[in-house]
Amino acid sequence: MPHFFVNSNDKNDKIIKITDSDNYRHIARSLRSRAGENLLLIDEKQIQYETVIKEITNLEIVCEIQKSYPSSRDLSFDLYLAQSPLRSDAQLTIMEKATELGARGVFPVITDNCALAQSVLAKKHEKWQKVMFEASKQCERAKVPTCYEPTTLEEVLKKNFDKILVLAERSTEISLKEFLRQNPIKKDEKILVIIGPEGGFSQKEFDFFKEKNLPLISLGDLILKAETAVIVTLGNIVYEY
């Protein structure tokens with residue numbers, strides 16, 4: 001069932017009127033929806049509405065609410081990703097899959113071996129946020145995660161996190177499974193996962209992690225591409241929780 005974000009102000013009793021131009025164009029023009037078809041809507045209060053289209057005019061789409069309930073499409077802890085951006089489609093895959101796996105936000109971090117120059121990163125931000133928005137609609141996320149402005153590891157670590165996990169393929173101290181069994185994630189905790197570029201972290205960055213007493217965590221003996229490591233790590237964190 002198609003899923004779209006609406007504002008609670010659009011609701012009046014059992015009726016929701018969609019007047020937003022992007023939603024209207026997608027529903028009426030791209031999907032060519034008609035009266036009698038179903039739409040799944042969600043508002044900023046994370047209330048989900050199962051609706052039936054009653055009328056489509058030149059200005060609005062009128063939907064009748066059949067059922068409403070709080071959305072369950074969310075994690076009960078705050079999961080964040082700090083990741084050194086990759087080139088082209090690989091980074092789009094990361095933004096999409098991080099959204100599907102429940103991340104609250106992604107910090108594109110500038111590392112020594114980052115594949116993209118800082119000047120390029122700034123131009124990509126809007127596109128990455130759009131990918132996360134579209135992925136949220138596809139997987140019925142209650143809230144769209146945030147793609148933060150490009151930053152550094154030092155700046156990200158100034159924020160308050162309950163657990164910080166650094167994934168390092170060659171200089172590891174403990175497996176992800178062992179770490180999560182010894183340090184189980186609790187409800188409402190803020191968790192940060194740090195994943196580097198294809199070339200890995202530099203010695204300077206490893207020294208920085210050591211200085212901050214951050215655990216270097218392994219996904220096993222296999223060497224994974226960076227986008228694969230993101231999916232495996234976030235997926236296993238959600239599974240272990």
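1. Let's start with arginine 73, which is partly exposed at a relative accessible area of 43%. (Here buried means under 20% relative accessible area, exposed over 50%, and partly exposed in between, with a 1.4 Å probe and protein chains only.) Arginine 73 forms a salt bridge with glutamate 140, and their closest N and O atoms are 3.3 Å apart. Glutamate 140 sits in the loop between helix H3 (118–138) and strand S9 (146–147), and arginine 73 in the loop between strand S6 (61–70) and strand S7 (78–83), so the pair ties together parts 67 residues apart in sequence.

2. A word on what you're looking at. This is a predicted model, where local features need pLDDT of at least 70 and side-chain atom pairs count only at pLDDT 80 or more, while totals for chains, interfaces and linings use all residues. Residues are numbered from 1 along each chain as its sequence is written, and side-chain values use heavy atoms, with hydrogens and water left out.

3. Now the salt bridges as a set. Side chains of opposite charge can pair when their charged atoms come close. The rule asks for a side-chain nitrogen of Lys or Arg within 4 Å of a carboxyl oxygen of Asp or Glu, and the count comes to 12 salt bridges. Asp74, Asp78 and Arg104 are linked in a network of them.

4. What separates aspartate 22 and arginine 25 in helix H1? About one helical turn, because they are 3 residues apart in that helix (residues 21–30). (Helices are DSSP runs of H or I, at least four residues, and strands are runs of E, at least two, numbered from the N terminus.) The two form a salt bridge, with closest N and O atoms 2.7 Å apart. Aspartate 22 is partly exposed at 48% relative accessibility, and arginine 25 is partly exposed at 43%.

5. Glutamate 155 and lysine 158 also meet in a salt bridge, at 2.9 Å from N to O. Glutamate 155 counts as partly exposed at 38% relative accessibility, whereas lysine 158 counts as exposed at 61%.

6. Last, the lining of the largest pocket. By class, this lining has 12 nonpolar, 4 polar and 4 charged residues. (Ala, Val, Leu, Ile, Met, Phe, Trp, Tyr, Cys and Pro count as nonpolar, Asp, Glu, Lys and Arg as charged, and the others, Gly among them, as polar; lining residues have an atom within 4 Å of a point on a 1 Å grid, and a pocket is an open set of such points with protein on both sides within 12 Å along at least five of seven lines.) Strand S13 (216–218) and helix H7 (226–240) each supply at least two residues of the lining.
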